[in-house]
Amino acid sequence: MKLRDFLIGFLFMLLYEIKRTVKSSIFSYLWFFVLVFIATYALFAETYVLSGNTEEPLMTLEYGSEAMRMIIIFSYTFIVSSSEAVLTGEVTDIAFPPEIGVMFFIIVPMILGLIMMGRFIMKKASVSIAKEKEKKTLFITVSSPQTRPSIYLGKFIAVFIISLPMIIYFYIITNWAFNSIFPLEANLSGVVFKTAIATVMLITSIGMLVSVLWNTEEKATKFGGKIVTLMVALTSLWIFIPVIELILNLTNNSTFFLLVLEKITYLSPFTIDLIAATNPGLLAGVFNVQLIAAIIFLVIGIVIFIRQDLEY
Amino acid sequence: MIAIKNLNKRFGKIHALRNLNLDVKKGTVHGLIGPEASGKSTVLRILATLMKPDSGEVIINDIPIKKGWEIRKLVGYVPKTPHFPPDSTARELVTLTASLHGIRDESIVYHIIKQRGLESVADQTISRYSVSMKKNVAIAMALVHNPLVLLLDEPMTGLDPVSLKSLKKLLSSTNKTILITDKDFNNLEGICDSVTVLRNGSTVINDELTSIRKKIGKIALELKLYDVKQIQKLIFELEKESVNVTVGGESVFIKFNSESEIPHIIRVAANAADIKEAKSMKITIDEIFGTFHEEAINEVA
């Protein structure tokens with residue numbers, strides 16, 4: 001058997017994996033498409049103007065999500081600056097500066113989309129080997145001339161490929177939102193596209209590692225689900241750190257506590273994505289960090305898979 | 001063709017294989033016989049590179065087992081109970097296996113599916129298949145790349161009579177090197193050139209089938225009497241002739257060392273009792289296993 005035959009065999013295996021995985025993904029795609037659309041469309045309900053309600057900030061916050069910081073500061077400033085008019089019976093129209101609109105986008109459709117993709121990918125990746133071990137169907141590929149690393153990579157690539165429709169849709173939606181409602185030159189669609197790719201690769205490699213460690217579909221799915229939940233919890237915490245800071249500023253000064261809390265939340269790839277979205281200059285670094293982490297998890301998974309005895 | 005030396009495999013505290021030695025000559029069919037958990041499937045899984053041995057040397061066609069990729073090109077493996085994704089079809093699976101071996105000729109897939117009697121159901125999902133049909137799919141997948149070595153883990157269990165006959169015909173006519181296991185020892189009679197009897201992962205006997213038959217008695221005769229009360233008298237008379245006599249139910253079994261003894265023994269039996277039916281029986285591998293298993297136990301004791 002020549003290398004060419006091996007590669008053709010690999011492609012066939014990949015197509016077979018993709019076909020099997022896509023079959024069970026139709027409803028996940030639909031949910032993703034609908035919810036991300038609704039979350040983005042909700043942003044169209046507000047007005048975004050370049051000169052809208054921009055006042056000097058009356059307070060400063062230093063830790064956690066920049067998006068949440070900006071929203072809190074803007075809301076606080078708006079409430080304070082419009083309170084006089086409200087007391088005289090006038091209702092002040094709120095017009096957001098487009099930067100605040102972008103922060104709304106980052107906090108709602110972007111984080112929602114990334115979490116949905118993360119959950120979907122983790123589920124697919126975490127069962128890819130565990131389910132086959134449980135159902136004893138691995139012998140089909142494992143007893144063929146394909147090597148264990150090529151089988152592992154085939155499954156990894158298959159899971160990554162089935163996430164592409166979501167990533168592309170997410171990119172189109174972002175492009176649409178930025179071109180339609182935010183009167184800014186900056187368009188986050190490229191950043192969103194790259195962060196989504198990096199996150200999907202990282203979560204796929206973590207999911208594959210989970211899959212190779214567990215022997216049943218149920219256990220692998222549960223464990224994978226817990227990992228995503230932890231990631232979401234950490235990112236939620238990061239988003240709300242400015243709120244915690246606001247509360248703590250009223251009572252005592254806990255800089256160290258906030259600093260440690262913020263560092264812990266960096267363990268979640270969603271946090272890293274949001275940081276890159278608010279500071280596109282950090283994108284290259286963020287992308288590389290996630291890529292290196294994905295490769296490390298991938299290599300660990302392959303080594304474990306090579307060393308495993310398979311019943312079938 | 002297949003050489004195994006001092007093979008050891010442990011699963012935690014269980015010693016699945018203990019210093020196993022095995023030689024299978026090129027183009028022969030070798031049977032692995034043993035009770036449940038004797039290590040038969042483990043040997044096949046190690047040869048198919050699904051498992052790694054703890055120690056020992058395994059060589060197939062002069063290629064060490066560590067070169068898994070090269071070994072898997074030579075080998076076709078049929079698991080004991082094949083499981084498939086329920087939504088796949090036989091054609092998909094055989095085509096996939098062929099592709100994984102670098103075969104893109106659809107006529108080969110068509111031929112092998114037809115040979116295993118699956119052409120009418122080849123495009124139906126596996127979830128509709130019977131156990132026998134699933135087994136045939138696994139056999140088709142193992143044969144599609146025309147391997148030099150076939151590793152068959154109880155391939156006949158669950159097969160329908162037509163498929164069983166066709167598989168036996170295939171195995172007896174092929175020039176491949178075959179290692180086959182089966183719990184039903186009768187299934188291997190007439191197929192194997194040599195056998196290895198395993199017990200607790202160790203070899204009890206490893207020999208050519210013909211020489212094992214000689215050691216035990218080549219041919220057996222089953223006699224049924226009109227009057228069961230005559231059994232004792234019959235045994236008494238037959239034992240005078242120094243043949244091996246056993247009683248099973250209402251039948252008397254006589255084992256011979258040579259076919260030439262048969263006419264004389266039948267005459268002796270006919271004089272001793274009224275014989276209702278006399279049936280010539282081949283000694284099965286079941287009996288071979290029983291004899292050598294007892295011998296081994298006695299040796300250990």
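**Notebook: a predicted model with chains A and B**

I worked throughout on a predicted model, in which local features need pLDDT of at least 70 and side-chain atom pairs count only at pLDDT 80 or more, while totals for chains, interfaces and linings use all residues. Residues are numbered from 1 along each chain as its sequence is written, and chains are lettered from A and ligands numbered from 1 in the order in which they are written.

**Entry 1: strands of chain B**

I took helices (H or I, at least four residues) and strands (E, at least two) as DSSP runs, numbered from the N terminus. I counted two strands as paired if DSSP finds at least two bridges between them. Strand 4 and strand 5 (residues 63-64) of chain B pair in the antiparallel sense over 2 bridges. These two strands form a hairpin with 2 residues between them, and I noted a positive phi of about 50° at Asn61(B) in the turn. I then found strand 1 (residues 2-11) of chain B paired with strand 4 (residues 55-60) of chain B, antiparallel, over 5 bridges. Lys5(B) stands opposite Glu57(B) in strand 4 of chain B.

**Entry 2: chain A**

I recorded 12 helices and 0 strands for chain A. The C-alpha atoms of chain A fill a box of roughly 85 × 40 × 30 Å along the principal axes. Of its 312 residues, 44% are buried; a residue is buried if 20 or more other C-beta atoms lie within 10 Å of its own, exposed if 12 or fewer, and partly exposed in between, with C-beta atoms placed from the backbone. Two residues are in contact if their C-beta atoms, so placed, lie within 7 Å. Among contacts in chain A between residues at least 6 apart in sequence, 84% join residues at least 24 apart.

I next examined helix 2 (residues 26-41) and helix 4 (residues 98-128) of chain A, which pack at an angle of about 170° with their axes 9 Å apart. Helix 2 of chain A is therefore roughly antiparallel to helix 4 of chain A, a term for angles over 145 degrees, with under 35 as roughly parallel, 65 to 115 as roughly perpendicular and the rest as oblique. Axes are lines fitted to C-alpha atoms, for helices over the stretch in contact, and angles run from 0 to 180 degrees between N-to-C directions. Among the residues that meet are Phe32(A) and Leu35(A) in helix 2 and Leu112(A) and Met116(A) in helix 4. The residues of this contact divide into 9 nonpolar, 3 polar and no charged. Ala, Val, Leu, Ile, Met, Phe, Trp, Tyr, Cys and Pro count as nonpolar, Asp, Glu, Lys and Arg as charged, and the others, Gly among them, as polar.

**Entry 3: the interface**

I found 20 residues of chain B in contact with 25 residues of chain A. On the chain B side, helix 2 (68-74) and helix 3 (90-100) each supply at least two residues, and helix 3 of chain B gives the most, with 5 residues. That side divides into 11 nonpolar, 5 polar and 4 charged residues.

**Entry 4: Leu167(B)**

I located Leu167(B) in helix 6 (residues 161-173) of chain B. Leu167(B) is buried, because 21 other C-beta atoms lie within 10 Å. Leaving aside neighbours within four places in sequence, Leu167(B) is in contact with Ile139(B), Pro155(B), Met156(B) and Leu159(B).
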